[in-house]
Amino acid sequence: MNSPKQTNSEFYSLDIGGMTCASCVGRVEKALSKIPGVQAATVNLATEQARIRIKSGSGPSLADVIEVVQKTGYEAKISAPQGTPASKQVQSFWKADGLGRVLLSFTLSAPLFLPMLLMPFGIDWSLSPNWQLALATPVQLILGWRFYLAGFKSLRAGVGNMDLLVALGTSAAYGLSVYQILAFPHQHHELYFEGSAVIICMVLLGKWLEARAKKQTSEAIRALQKLWPEHAKVLNTNFNLDHQAATSDHYQDLPLDQVLPGDRVLVLPGERIPVDGVILSGSSHVDESLITGESEPIKKEFGAKLIGGALNGEGVLVVEAQAVGIESVLSKIISLVEDAQVQKAPIQKLVDHVSAIFVPAVIVIALITGLSNWFYYHSVAIAVLRSVAVLVIACPCALGLATPAAIMAGTGVAARFGILIKDPQVLELAHRLSIVAFDKTGTLTIGKPRLLDLITFETSIDADFALMTAAGLQLGSEHPLAKALIEAATEKGLTPIKASQSKALPGVGIEGCPGLGPWNGMLLSLQGVVSLKQNPALPMVMKKVQPCFEAGQTVSILINVVSSTPIAAFAFGDELKVNAGIAIQALKELGIRAVMLSGDNKSAAERVAHSIGIDEVFAQSLPSDKALIIEKLKSSESTGKKQWVAMVGDGINDAPALAVADVGMAMSTGTDVAMQAAGITLMRDDPGLVADAIDISKKTWDKIRQNLFWAFIFNATGIPLAAFGYLSPMLAGSAMALSSFCVLSNALLLTRWQARH
């Protein structure tokens, strides 16, 4: 599901202006894809952005790309850098999609269409033809000029769009009315100025409503961007933390882009933390809710890690900056969500394909409608009006907004609860999931095991030296068992013996040569029992460590590699996360089976699984085994049907399984490799987020289907009604604007979603 990371490519984002419907999206994508050196391009109508992958070194410059977009008839500029504070995107009152133009158009059009409402009551307040012409002309040629301009650009590019349909339709009604006034000045004729004017009014109103709704769908991104403080209080290099209290004389108030890793930053009570870092001094409660979804402030003391953008509580903190700008967690979160909102769900490809042929087909239908009505009724007026109604009702705005609006709303609200959906394909797969596979250590358990027992295999072996040697092999390792060994040695006042030639053995353990002690210079390895299958001492080892397995503990063996002689066994125990059982129960309520993959022995794994209600256990699984198990779960279930499988993990050893699964979910408390391989990142160390992620994905997919259904139904029923005269041009314009607004409003219902627990 997840494509490999491109190492010879560069990604860029462009803001695209002037797009009005799905056919515009297809045109821009087609133009970008034809540029030599552009490997891929995707354009999103709701965000009005293009995401482009260009071949490094030999690809086109951004200036060339922008020029191509402009020649296609649209505006283009480089998007603001990731992680910068959100620019104010308040709609200008008089700009193209501004409220001012809407109000002015309705003010000028009101005298044209209001008398029509009074006619059923026998009241005729119709204006003279010349006054109608005077009011309709600025609406048509000034306020409606944008449709002519964009329609002309689309024609020049050899395609059509919504603006072309509006320009053609309103021009026909306006032109027929002008012709009748000029050709027969002394005769009474039906004029259709109110039709052309109201169509433009309703389209302008629809675009303004769309702009407002689009703004609401991206509220989550703006909320995250607003977390960035503009400045940071950077302490002077000569400031002494141990002997001084920080005052305004001891720091400089620097812009955030001038703060560097290693700087010491002062954070006062109530301020936003400007950088990722660790606390050097002070303690406080920190609110990370908008970043991780954690509702309660968290106690932070010396040595604790802080996320930039979090809100400091009651304490004064001195923080050493570790990551700033685009390297910070908040910037990466914003980047992930923005990327997801710009990308397309696979179903959108079908919509784009339909939209590419939709506008030309509508123009043909409008011509057929006009000719057939002219032939049947012998009336140019009827022919023109019904053709206009077809052109206007068929504008594919709703179709183009259906999918991206739902994706923006769904990914945005998920981010607010600490669920980062970076691959829109997840939204199409999550509703099909029947199995969720969990890694055990660090995912269902706390992931911080303790050394519970040390067993030597010879009476002459000193247990303390065995512990110091094993801990020395693990120096520098981030593995939970490595940390447990080092902590156990430290607690006993022992110093780990540093090893040379240290080398990790993926999926097995680690090896190296201790520099001191009875095994000085010998090649030793620390590995799991499962790796000793070919060792003749395995029966003796199993006999001694069997009580540890029966107690549900994890066992690692220190072994002399050259002689294959076991030296000592280390038994570790881990604790389940408090809400692990609740998480499994939530999945069962969704009708999903839970399985567990673990490198631990079968007894330990089954003990954990039974306590929280796991349905099936795969124990003693190497990293490569986990990927094969996922493949097996996907294809060889007893039903013989395809099963859709999600994998949840947090370590490097989970990355292959995360990549193979239909949906990969990584805990952000784990490794970057795991998060790169997964389509969803869970920002809290909480397995309960798995059910929440599936739930919001399902609801987002439901909104996509609902929106597409109503958009297709709207066009499928609206065009025949307009062609047979059941929809006037004014009603067609109103219905077209209303359809786009309804699609966006339906997508916005996702913002009310709440986590299940």
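User: Is Gln-501 buried or exposed?
Analyst: Exposed, because its relative accessibility is 62%. Buried means under 20% relative accessible area, exposed means over 50%, and partly exposed is in between (1.4 Å probe, protein chains only).

User: Where does Gln-501 sit?
Analyst: In strand β17, residues 499-505. Helices (H or I, at least four residues) and strands (E, at least two) are DSSP runs, numbered from the N terminus. This is a predicted model, where local features need pLDDT of at least 70, side-chain atom pairs count only at pLDDT 80 or more, and totals for chains, interfaces and linings use all residues. Residues are numbered from 1 along each chain as its sequence is written, and side-chain values use heavy atoms, with hydrogens and water left out.

User: What's the phi of Gln-501?
Analyst: Positive, about 55°, although Gln-501 is not a glycine. Most residues other than glycine have a negative phi. Ser-564 also has a positive phi, near 60°.

User: And where is Ser-564?
Analyst: Ser-564 is in the loop between β20 (554-560) and β21 (565-573). It counts as partly exposed because its relative accessible area is 34%.

User: OK, zooming out. How many helices and strands does the chain have?
Analyst: There are 24 helices and 26 strands. The chain has 757 residues, and 53% of them count as buried.

User: How many aromatic pairs are there?
Analyst: The count is 5. Rings of Phe, Tyr and Trp (its six-membered ring) pair if their centres lie within 6.5 Å; planes under 30 degrees apart are stacked, over 60 edge-to-face, and the rest tilted. One of the pairs is Tyr-174 with Phe-193, which is edge-to-face at 5.6 Å centre to centre, with 65° between the planes.

User: Which helices hold those two?
Analyst: Tyr-174 is in helix α6 (residues 162-183) and Phe-193 is in helix α7 (residues 193-217), so the pair links distant parts of the chain, 19 residues apart. Both Tyr-174 and Phe-193 are buried.

User: What about Tyr-376 and Tyr-377?
Analyst: Those two also form an edge-to-face pair, 4.9 Å centre to centre with 85° between the planes. Tyr-376 counts as exposed because its relative accessibility is 61%, while Tyr-377 is partly exposed because its value is 38%.

User: Switching to helix packing: at what angle do α4 and α5 pack?
Analyst: About 35°, with the axes of α4 (residues 129-143) and α5 (residues 145-156) 4 Å apart. Axes are lines fitted to C-alpha atoms, for helices over the stretch in contact, and angles run from 0 to 180 degrees between N-to-C directions.

User: Which residues meet there?
Analyst: From α4, Gln-140, Leu-141, Ile-142 and Leu-143 meet Trp-145, Arg-146 and Tyr-148 of α5. Contact here means heavy atoms within 4.5 Å.

User: What is Val-530 in contact with?
Analyst: Leaving aside its neighbours within four places in sequence, Val-530 touches Gln-620 and Leu-622. Val-530 lies in the loop between β19 (524-528) and α17 (538-550).

User: Last one: how many disulfides?
Analyst: A search of the whole structure finds 0. A disulfide here is a pair of cysteine sulfur atoms within 2.5 Å.

User: Is Cys-513 buried or exposed, then?
Analyst: Cys-513 counts as buried because its relative accessibility is 6%. Cys-742 is partly exposed, with a relative accessible area of 41%.
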